[in-house]
Amino acid sequence: MMAAKLDYHWHLRKIMADRGLFSTTDLIPLLDERGITLSSSQVYRLVVERPERLSLKILMALLDILDCTMDNLIEPVAAASAESTTRTKKAVGAEAGVGDLRPKRARIRGLEKS
């Protein structure tokens, strides 16, 4: 049995709005108070995009600033299978099963002595 792939929803923007923080730059001084210095573009990406990597210091600062828990900020969800969300491109001929055919490995033999 294959384990389900996990994905997540990032709720930072919604939680910020619930707390009256509507501009991404509102976070800059609040993070700075906690010893975290990020540029406005870094904070923008943190709020607007779903982070793939996140330092624990930043995560803990966000939880403190927003007075929320990790469960509020990051919602684990089962990932949709790749086939149902996007159609994958196949190599030309793959539909006919040609992809399983492989050429034979060439054998290199010693030079014939004359």
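These are my notebook entries on what I looked up in this predicted model.

**Entry 1: the overall layout**

I began with the secondary structure. The protein chain has six helices and two strands. Read from the N terminus, its elements follow the order β-α-α-α-α-α-β-α. Next I checked burial, and buried residues come to 21% of the 114 residues in the chain. I also looked at contacts with a separation of 6 or more, where residues 24 or more positions apart account for 65%.

**Entry 2: the nonpolar core**

Which residues touch the most other members of the largest nonpolar core? I found L12, L27, L31, L62, L66 and L73, out of 21 residues in that core. As a background note to myself, nonpolar side chains in soluble globular proteins tend to be buried together.

**Entry 3: helix α4 and what covers it**

I stayed with α4 for a while. Its buried residues are I58, L59, A61, L62, L63, I65 and L66. What covers them? I listed β1 (6-10), α1, α2, α3, α5 (70-73) and β2 (74-78) among the covering elements. I then picked out L66 and set aside its neighbours within four places in sequence, which left contacts with L12, I15, M16, R19 and L21.

**Entry 4: D67**

Just after α4 I came to D67, which lies in the loop between α4 and α5. Is D67 buried or exposed? It is exposed, because its relative accessible area of 67% is over the 50% cut-off.

**Entry 5: N72**

N72 sits in helix α5. With a relative accessible area of 39%, N72 counts as partly exposed. I looked for its contacts, not counting residues up to four places away in sequence, and found that N72 touches H11 and I15. The C-alpha atoms of N72 and I15 are 7.9 Å apart, while the two residues are 57 residues apart along the chain.

**Entry 6: T24**

I moved on to the loop between α1 and α2, where T24 is found. T24 counts as buried because its relative accessibility is 17%, and the cut-off is under 20%. Which residues does T24 touch, not counting those up to four places away in sequence? My list reads M16, V43, Y44, V47 and V48.

**Entry 7: rings and charge**

I searched for aromatic pairs, and the count came to zero. I did find a charge over a ring: the charged end of R50 sits over the ring of Y8, 4.3 Å from its centre.

**Entry 8: the largest pocket**

The largest pocket holds about 210 Å³. Its lining is made up of L38, Q42, R45, L46, E49, R50, P51, R53, L54, S55 and I58. Which element supplies the largest share of this lining? That is α3, with three residues. Two names here link back to my earlier entries. R50 lines the pocket, and its charged end sits over the Y8 ring. I58 also lines the pocket, and it is one of the buried residues of α4.

Definitions and conventions. Residues are numbered from 1 along each chain as its sequence is written. This is a predicted model: local features need pLDDT of at least 70, side-chain atom pairs count only at pLDDT 80 or more; totals for chains, interfaces and linings use all residues. Side-chain values use heavy atoms; hydrogens and water are left out. A nonpolar core is a set of buried Ala, Val, Leu, Ile, Met, Phe, Trp, Tyr and Cys residues joined through side-chain atoms within 4.5 Å. Buried means under 20% relative accessible area, exposed over 50%, partly exposed in between (1.4 Å probe, protein chains only). Contact means heavy atoms within 4.5 Å. Rings of Phe, Tyr and Trp (its six-membered ring) pair if their centres lie within 6.5 Å; planes under 30 degrees apart count as stacked, over 60 as edge-to-face and the rest as tilted. A charge sits over a ring if NZ of Lys or CZ of Arg is within 6 Å of the ring centre and within 35 degrees of the ring normal. On a 1 Å grid over the protein atoms alone, a cavity is a set of points where a 1.4 Å probe fits but cannot get out, and a pocket is an open set with protein on both sides within 12 Å along at least five of seven lines; lining residues have an atom within 4 Å of a point. Grid points are joined across faces, edges and corners, and a volume is the space filled by probe spheres set on the points. Helices (H or I, at least four residues) and strands (E, at least two) are DSSP runs, numbered from the N terminus.
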